[in-house]
Amino acid sequence: MSALATKTTFGHAVHAEWVKLRSLRSTWFTLACLFVVGLGITALTANAAGKGYASATLADQQAWDPAGRSLMSYVVAQLVLGVLGILIVTAEFATGLMQTSLIATPRRHRTLAAKVVVAAAVAAVAGQALMFAAFFVGQAVFALQDAPDASLGDPGVLSAVTGGGVYLTAIALLAVGLGVLARATAGAFATLVGIVFLIPGIAGAFPGWLQGLFRYWPTLGAAEVLKTVPDPGFPHPWLNLGGLCLGVAAVLAVAFAVFRRRDV
């Protein structure tokens, strides 16, 4: 009986988190922005790339990656889903409702685990849907521009599209962990921006013994999974993405430990 009650309790916790998330206008506004902005960026970048194909050098034409170019909206999508992942946690800290949640579910690890499950599910569905939609929009634009396009059956294309969904899910879970650690939306978002943009931008300034770390860094080695033309600097993109996922798991482990011990 106790085991059944335990499973039911966690199921109720997950359901409660889903109800809280879907009842917020900000959730649907954020998801709408994800698709509107993401697909808008896809159309604009694909149009510019397609127009420039005819005048590109032979080397650039040989390195043409229609699948990878159509998935560039991940750069913005990771921030949008990151905001959603952060708000799943920090919105309750800001309003004081976290105490209410913990009264309803006294075992803190269950509360946070339920938030992680909901964040992962929403990010996986939304992120994967965006990647497929962006791919098809990009290929349609390339076809209109008489630039080479791709289909899902081409070598490496389906892997790149699905890899984009996995990448975005990992970033959303990283955001959940940062939200727990920072307990403030602004602080967690600033940290996320630093991770995905600032640190990669100054990667060359780091000492040589740290350079191997960037094989698994967001927007660097891990993001190579969204391409079908391999980069010699990152020859194993799925291994790099796996390293990112391990890093996200480590951040979540720290978040669980802090959440269980820190006062709300």
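This is a predicted model: local features need pLDDT of at least 70, side-chain atom pairs count only at pLDDT 80 or more; totals for chains, interfaces and linings use all residues.
Local features were taken at pLDDT of at least 70 and side-chain atom pairs only at pLDDT 80 or more, while totals for chains, interfaces and linings use all residues. Residues are numbered from 1 along each chain as its sequence is written, and side-chain values use heavy atoms, with hydrogens and water left out.

Helix 2 (residues 25-53) packs with helix 5 (residues 74-95) at an angle of about 175°, and their axes lie 9 Å apart. Helices here are DSSP runs (H or I, at least four residues) numbered from the N terminus; axes are lines fitted to C-alpha atoms over the stretch in contact, and angles run from 0 to 180 degrees between N-to-C directions. The two helices, helix 2 and helix 5, are therefore roughly antiparallel, a term applied to angles over 145 degrees. On the helix 2 side, T27, T30, L31, L34, V37 and I41 make the contact, and on the helix 5 side V76, A77, V80, L81 and L84 do. Contact means heavy atoms within 4.5 Å. By class, the residues of this contact comprise 9 nonpolar, 2 polar and no charged. In this scheme Ala, Val, Leu, Ile, Met, Phe, Trp, Tyr, Cys and Pro count as nonpolar, Asp, Glu, Lys and Arg as charged, and the others, Gly among them, as polar.

Helix 5 also contains Q78. This residue, Q78, is buried, because its relative accessibility is 0%; buried means under 20% relative accessible area, exposed over 50% and partly exposed in between, with a 1.4 Å probe and protein chains only. The side chains of Q78 and Y167 form a polar contact of 2.6 Å. A polar contact is a pair of N or O atoms within 3.5 Å; within protein, one must be able to donate a hydrogen and the other to accept it, and residues adjacent in sequence count only if both atoms are side-chain atoms. Beyond four places in sequence, Q78 touches Y167, L168, I171, L192, V196, F197 and T219. Of these, T219 is in the loop between helix 9 and helix 10 (237-261) and has a positive phi of about 65° although it is not a glycine.

Helix 8 (residues 157-182) has 26 residues and reaches 37 Å from its first C-alpha to its last, close to the 38 Å expected at 1.5 Å a residue. The expected span is 1.5 Å times one less than the number of residues. Helix 8 is mostly covered, with 20 of its 26 residues buried. With neighbours within four places in sequence set aside, T169 contacts A120, A123 and A124. Helix 8 is followed by R183, in the loop between helix 8 and helix 9 (185-201). Phi of R183 is positive, near 60°, in a residue other than glycine, and R183 is partly exposed at 33% relative accessibility.

Two further buried residues were examined, A49 and S70. A49 lies in helix 2 and has 15% relative accessibility. Outside four places in sequence, A49 touches W64, R69 and F142. A49 and F142 are 93 residues apart in sequence, with a C-alpha to C-alpha distance of 8.1 Å. S70 belongs to helix 4 (residues 66-70) and has a relative accessible area of 0%. Excluding neighbours within four places in sequence, S70 contacts T42, A134, F135, G138, Q139 and F142. The side chains of S70 and Q139 are joined by a polar contact of 3.2 Å.

Notes
Angles under 35 degrees count as roughly parallel, over 145 as roughly antiparallel, 65 to 115 as roughly perpendicular and the rest as oblique.
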